[in-house]
Amino acid sequence: MKWGTKYGPHYVNRLYAMVRRHMTGDFSFVCLTDDDRGIRPEVRCLPIPQLAMELKPGQPDRAWRKLTTFEADLHRLRGTALFVDLDVVIVGGLDAFFEQPGEFLIIHDYPRFWRFGERVTGNSSVYRFELGAHADVLAYFRAHMDEVPRQYRNEQAYLSAFMHRQGKLSYWPAEWCPSFKYHSIPPWPTNLWKAPVVPPGARIVIFHGECNPPDALAGRRNRRFRHIEPAVWVDEHWHE
């Protein structure tokens with residue numbers, strides 16, 4: 001899914017290329033977007049369904065548009081869908097994401113030392129579902145569009161809680177989708193001289209918070225007084 005100007009078409013094109021290199025057999029690659037210019041012809045571009053949600057001045061965009069993937073009839077698409085964010089680097093086989101048992105699968109959000117108790121929230125950088133099977137997720141949001149954003153910080157918190165209440169929430173094996181921020185960057189002070197690594201067992205490395213793939217490749221971190229060495233392995237995977 002691509003909207004606005006944050007990510008150019010090369011993000012879509014490189015994601016397609018990484019998927020093609022790491023999947024066997026045929027698949028349909030769909031990009032829901034408001035601008036299909038520059039996107040390679042193998043990608044089927046379709047409009048993002050209307051959410052009819054207006055952000056107030058200064059209100060951050062919390063990716064609520066992702067919930068439109070749960071339309072009862074999403075452009076007549078059928079089958080099992082694996083949603084993957086644009087700003088990831090695929091480093092391992094993807095077939096297992098379609099073979100893992102579960103009705104709805106998502107990354108188990110990365111733990112923070114200050115959080116205690118059961119963590120339900122998933123990270124929606126990678127999730128799998130049957131197209132059209134969970135239309136109630138979107139229907140409830142549309143019916144409670146003022147209430148839900150007050151109760152949940154973002155779309156992944158709402159989505160995870162909704163699926164959890166129905167007993168449908170499952171998580172990928174932890175090693176499949178590591179965080180670049182938490183699992184690739186060496187701990188301080190070794191990050192000052194050791195380069196980020198591909199964590200063992202990784203299939204899709206998730207970039208969130210401080211770095212996108214080009215930042216990691218350049219050794220650039222978008223927070224003051226935090227340092228990383230260039231992650232040269234990004235260049236081996238994040239290309240067409």
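Before anything else, a word on "buried": I use it for a residue with under 20% relative accessible area, with exposed meaning over 50% and partly exposed in between, using a 1.4 Å probe and protein chains only. Helices (H or I, at least four residues) and strands (E, at least two) are DSSP runs, numbered from the N terminus.

Thanks for coming, everyone. This is a predicted model, in which local features need pLDDT of at least 70, side-chain atom pairs count only at pLDDT 80 or more, and totals for chains, interfaces and linings use all residues. Residues are numbered from 1 along each chain as its sequence is written, and side-chain values use heavy atoms, with hydrogens and water left out.

Let's start with helix 3, residues 135-143, where Val 137, Leu 138 and Phe 141 are buried. Looking down the axis of helix 3, those buried residues fall within an arc of 90°, so they line one face of the helix; the arc is that of the directions from the helix axis to the C-beta atoms. And what covers them? The cover includes helix 4 (147-151) and helix 5 (155-165). By contact I mean heavy atoms within 4.5 Å.

Now to the cores. A nonpolar core here is a set of buried Ala, Val, Leu, Ile, Met, Phe, Trp, Tyr and Cys residues joined through side-chain atoms within 4.5 Å. In soluble globular proteins, nonpolar side chains tend to be buried together. The largest such core in this model has 43 residues, and Cys 177 and Phe 180 have the most contacts inside it. Several elements supply at least two residues each, including helix 1 (9-22), strand 3 (80-84), strand 5 (104-108) and helix 8 (233-237). The largest share, six residues, comes from helix 1. Another core, of 31 residues, lies apart from it, and Leu 138, Tyr 152, Ala 157 and Tyr 158 are among its members. Back to Phe 180 for a moment: leaving aside neighbours within four places in sequence, its contacts include Ile 185, Val 205, Phe 207 and Trp 233.

Strand 5 deserves a look of its own. Four of its five residues are buried, so strand 5 is largely enclosed by the rest of the structure. On pairing, two strands pair if DSSP finds at least two bridges between them. Strand 5 runs parallel to strand 7 (residues 169-171), with three bridges joining them, and Leu 105 stands opposite Ser 170. With strand 6 (residues 122-130) the arrangement is antiparallel, through four bridges; there, Ile 106 has Tyr 127 as its bridge partner.

On to the charges. Lys and Arg count as positive and Asp and Glu as negative, while His and the chain ends are not counted. A salt bridge needs a side-chain nitrogen of Lys or Arg within 4 Å of a carboxyl oxygen of Asp or Glu. How many salt bridges does a search of the whole structure find? Twelve. In one of them, Lys 66 and Asp 85 meet at 3.0 Å, N to O. Lys 66 sits in the loop between strand 2 and strand 3, and Asp 85 in the loop between strand 3 and strand 4, so the pair ties together parts that are 19 residues apart in sequence. Both residues are buried.

Glu 210 is another one to click on. Its salt bridge with Lys 181 has the closest N and O atoms 3.9 Å apart, and it links Glu 210, in the loop between strand 8 and helix 7 (213-218), to helix 6, 29 residues away. Glu 210 also meets Arg 226, at 2.7 Å, N to O. Arg 226 is partly exposed, at 39% relative accessible area, whereas Glu 210 is buried, at 3%. Through shared partners, salt bridges join Lys 181, Glu 210, Arg 221 and Arg 226 into one network.

Compare Lys 2, in the segment before helix 1. Lys 2 is buried yet has no salt bridge, and the nearest side chain of opposite charge, Asp 35, is 4.8 Å away.

Last, some backbone details. Trp 188 and Pro 189 are joined by a cis peptide bond, with omega about 5°, and Pro 189 is in the loop between helix 6 (180-184) and strand 8. His 75 is not a glycine, but has a positive phi of about 50°. Arg 76 also has a positive phi, near 65°. His 75 counts as partly exposed, at 29% relative accessibility, and Arg 76 is exposed, at 71%.
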